[in-house]
Each structure stands twice: as structure tokens, then as C-alpha cells.
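The sequence and structure are shown first.

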Amino acid sequence: YLAGNQITSLSGLPQLTNLEFLSVAQNKLKSLAMAPQPRLQVLAASKNNICTLKGFPNLPVLEHLRLEDNPILDMPHVEAASILLVGPTLKKFNDRDLPMEEQELACHYPAHTALCIRDGWDFCHVTEATESTMQFL
């Protein structure tokens with residue numbers, strides 16, 4: 001647990017091949033940019049200042065993402081964006097099952113959307129995504 005330690009960045013966190021649970025709640029994080037964590041199943045980052053998904057790490061087996069009390073929740077369809085970034089292993093967002101409509105919405109985005117989000121593209125409605133992401137690339 002790294003909760004409540006006034007941490008401002010995870011960029012110095014190395015890849016930890018056996019890390020399965022990471023709690024960085026109640027810190028001062030603005031993003032979740034960090035090294036890939038190949039076995040991380042739960043990422044708890046509530047009560048920070050997370051306002052972007054830029055630099056979101058490769059978390060191929062993440063099942064549960066907690067981002068309560070962060071400005072990123074003001075972003076429309078943040079659940080769909082999270083699904084695009086993580087993939088089909090993501091089952092829970094903020095301690096709730098992912099809404100079916102967000103899962104279906106994520107399926108309609110271009111395949112390269114996650115790459116664009118990680119590079120700082122502003123997530124937009126699916127009807128604008130193809131043109132917008134192609135311009136971004």
C-alpha cells in the first residue's frame with residue numbers, strides 16, 4: 001500500500017513482475033503514467049488529482065480500476081476509455097460492474113484509439129473518433 005503518502009508521480013515506479021494489487025489512493029497524482037505492470041489485477045487510485053489518461057500503463061490483466069474522487073470522472077465515457085486502455089480483462093470500475101452500454105460503446109472505437117489516449121489525445125464521441133484519431137496520429 002502506497003496510500004496517503006503525498007506521492008505526485010508514479011513515473012519512478014519500476015516494472016514489478018509480481019505486483020498484483022496497487023493502492024495509491026489519497027495522494028497527489030495527476031496521472032497514472034508508470035511502467036507496465038504485467039500481473040497487476042487491482043489498481044486503486046481514488047482521491048487523487050487524476051485528470052488525464054495520458055501515459056496510462058500497459059496493464060494486461062487488470063480487472064478492477066478505482067478512480068473515485070478524481071477530476072477524470074468528469075470526462076464523458078471514462079469507463080469506455082478505460083476498457084479501450086485495459087482490454088477485456090477489466091470487469092469493475094469504481095467497485096461496480098462495467099455498464100453494458102460502456103462496453104458496447106468501446107467496441108465502436110477504432111483499434112488504434114488506446115494508443116492515441118496514451119499519447120494524450122482528447123477522448124471524444126465515437127462518431128468523431130475515426131477522423132480525430134487519424135488527425136492525431
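A residue is called buried under 20% relative accessible area, exposed over 50% and partly exposed in between, with a 1.4 Å probe and protein chains only as cover. By this scale arginine 39 is partly exposed, with a relative accessible area of 37%.

The model is predicted, so local features need pLDDT of at least 70 and side-chain atom pairs count only at pLDDT 80 or more, whereas totals for chains, interfaces and linings use all residues. Residues are numbered from 1 along each chain as its sequence is written, and side-chain values use heavy atoms, with hydrogens and water left out.

**Sheet**

Helices (H or I, at least four residues) and strands (E, at least two) are DSSP runs numbered from the N terminus, and two strands pair if DSSP finds at least two bridges between them. The model has an open sheet of 5 strands in the order β1-β2-β3-β4-β5, with mixed pairing. Strands β1 (21-23) and β5 (96-97) stand at the edges with a single partner strand each, so one side of each has no neighbour in the sheet. The pairing of β4 (residues 92-93) with β5 is antiparallel and runs over 2 bridges. Within this pairing, phenylalanine 93 has arginine 96 of β5 as its bridge partner.

**Helix α1**

Helix α1 (residues 78-86) is mostly covered, with 9 of its 9 residues buried. Among them are Val78, Ala80, Ile83, Leu84 and Val86. Taking contact as heavy atoms within 4.5 Å, the buried residues of α1 pack against strands β3 (64-66), β4 and β5 and against helices α2 (100-106) and α3 (113-118). Glycine 87 follows α1 and has a positive phi, near 105°.

**Salt bridges**

A salt bridge is counted where a side-chain nitrogen of Lys or Arg lies within 4 Å of a carboxyl oxygen of Asp or Glu.

| Pair | N to O distance |
|---|---|
| Arginine 39 and glutamate 20 | 2.8 Å |
| Arginine 66 and glutamate 68 | 2.7 Å |
| Glutamate 79 and arginine 96 | 3.8 Å |

Glutamate 79 lies in helix α1 and arginine 96 in strand β5, and this pair links distant parts of the chain, 17 residues apart. Glutamate 79 counts as buried at 15% relative accessibility, while arginine 96 is partly exposed at 46%.

The side chains of arginine 39 and glutamate 20 also meet in a salt bridge. Arginine 39 is in the loop between β1 and β2 (42-44) and glutamate 20 in the segment before β1, so the pair ties together parts that are 19 residues apart in sequence. Glutamate 20 is partly exposed, with a relative accessible area of 32%.

Arg66, Glu68 and Asp95 are linked in a network of salt bridges. Arginine 66 is partly exposed at 27% relative accessible area, whereas glutamate 68, at 18%, counts as buried.

**Surface patch**

Patches consist of residues with over 30% relative accessible area and no salt bridge, with like charges joined within 9 Å and nonpolar side chains (Val, Leu, Ile, Met, Phe, Trp, Tyr) within 5 Å. Accessible areas come from the Shrake-Rupley method with a 1.4 Å probe, and for residues only the protein chains shown count as cover. Leu115, Met134, Phe136 and Leu137 form a nonpolar patch on the surface, together having about 400 Å² of accessible area. Leucine 137 is found in the segment after α4 (126-136) and is exposed, with a relative accessible area of 55%.
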